Amino acid sequence: MLLNWTVMILYNYFSAMFIGPGYVPLGWTPEKSQDCMYLQYCKVCQSYKAPRSHHCRKCNRCVMKMDHHCPWINNCCGYQNHASFTLFLLLAPLGCIHASFIFVMTMYTQLYNRISFGWSSVKIDMSAAKRDPRPIIPFGLSAFAASLFALGLALGTTIAVGMLFIIQMKVILTNKTSIESWIEEKAKDRIQYYQTGETFIFPYDTGSKWKNFKQVFTWSGIPEGDGLDWPVRDGCHQYSLTIEQLKQKADKRVRSVRYRAVEDYSGVCCPVTKGVKTFFTTPCTEEPRIALSKGDLILATRGLKHWMYGEKMLDSAADGGIRERGWFPRKCVEKCQYDSETDQPVDGEKKNR
């Protein structure tokens, strides 16, 4: 049975790795040209981003129904391999639970055969068993230490991977991805911030957990649909989510603050020369760092106490210029002094927008 777990785990692991998530065809455009106004354009892939697709910096492609980029499979989790990846997250804890049971029973049996109970003390002799029959495989101190280590590893994997499985099942049963859950949270924040009174309804949730489940898990192993067009619930249309993404992108430009670099920064993860607090509070994320030269302009969108995240403007054009995104130390930049109110909207304008 342990071999059966191993085979199923490896099968789903390599399926998630080699099948891949599925990519938006290069140069893709919607069938109706007027629908392009509802979509974002990817300059890297030279195509429009289909609904539910996102560009992955690691894969350098637009991924269909992208959930996240997983370093353990060296690939994205998306439309085609979402089921295989989730089954791997389920089978790995089950196999580890079975292995943990074997380790616990082995150590219990061997220790029980080696314990001597006296009137005043309890002694354990790891050299040989006190009872017959003797074990087929010798179980000494080194074997006990190895079994204890393996037990801790199996339990740790069960907890860590099991939590990931629970998270994946939550988003699958609502027909979302991890990225779409984050988009929905930002939609609520945007509506509350501007007090628009609108209500955002996630368009791809069918309202039935079983129907949402069947869109990912099928008997054939091939998910429903083509990864480009998706069934939507009543009151929504195919581009409801992409329209919300465009609104959030515009809101991001409004809320961003312009900074100018006053110190050079090489782009290393943990800079030694920028202070002890900056070194030890580096963001624990896969997002990149950007190198700065004195005088560079950066549009900061969010930040921590000692770090900021933003886009470095490499071209003079504010909207159409090429930008480089990433984290940088807060002490390397200072806020720009605006010459006019048109450079940054005032609070009233932001609320009205």
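**Helix packing and a pocket lining in a predicted model**

The lining of the second largest pocket comprises 9 nonpolar and 7 polar residues, with no charged residues. The structure described here is a predicted model. In this model, the second largest pocket has a volume of about 390 Å³. Its lining consists of 16 residues, and those nearest the pocket centre are Leu-87, Phe-217, Thr-218, Trp-219 and Gly-221. Two or more lining residues are contributed by each of H1, H2 and helix H5 (209–214). H1 supplies the largest share of this lining, with 4 residues.

H1 and H2 also pack against each other. The axes of helix H1 (residues 2–19) and helix H2 (residues 82–112) come within 9 Å, with a crossing angle of roughly 155°. Angles over 145 degrees count as roughly antiparallel, and H1 and H2 are therefore roughly antiparallel to each other. Their crossing is left-handed. On the H1 side, the contact is formed by Leu-2, Trp-5, Met-8, Ile-9, Asn-12, Tyr-13, Ser-15 and Ala-16. These residues meet Ser-84, Phe-85, Leu-87, Phe-88, Leu-91, Ala-92, Leu-94, Gly-95, His-98, Ala-99 and Ile-102 in H2. By class, 14 residues of the contact of H1 with H2 are nonpolar and 5 are polar, and none is charged.

H2 passes H3 in a left-handed crossing. The contact of H2 with H3 contains 22 nonpolar and 8 polar residues, and no charged residues.

Charged residues are present in the contact between helix H4 (residues 178–194) and helix H6 (residues 240–255). The axes of H4 and H6 come within 10 Å and cross at roughly 60°, which makes H4 oblique to H6. The crossing of H4 with H6 is left-handed. From H4, the residues in contact are Glu-180, Ile-183, Lys-186, Ala-187, Asp-189, Arg-190, Tyr-193 and Tyr-194. Their counterparts in H6 are Leu-241, Glu-244, Gln-245, Lys-247, Gln-248, Asp-251, Val-254 and Arg-255. By class, this contact of H4 with H6 has 8 charged, 6 nonpolar and 2 polar residues.

Conventions
Residues are numbered from 1 along each chain as its sequence is written. This is a predicted model: local features need pLDDT of at least 70, side-chain atom pairs count only at pLDDT 80 or more; totals for chains, interfaces and linings use all residues. Side-chain values use heavy atoms; hydrogens and water are left out. Axes are lines fitted to C-alpha atoms, for helices over the stretch in contact, and angles run from 0 to 180 degrees between N-to-C directions. Angles under 35 degrees count as roughly parallel, over 145 as roughly antiparallel, 65 to 115 as roughly perpendicular and the rest as oblique. A crossing is left-handed if the near helix is turned anticlockwise from the far one by less than a right angle, and right-handed if clockwise. Contact means heavy atoms within 4.5 Å. Ala, Val, Leu, Ile, Met, Phe, Trp, Tyr, Cys and Pro count as nonpolar, Asp, Glu, Lys and Arg as charged, and the others, Gly among them, as polar. On a 1 Å grid over the protein atoms alone, a cavity is a set of points where a 1.4 Å probe fits but cannot get out, and a pocket is an open set with protein on both sides within 12 Å along at least five of seven lines; lining residues have an atom within 4 Å of a point. Grid points are joined across faces, edges and corners, and a volume is the space filled by probe spheres set on the points.
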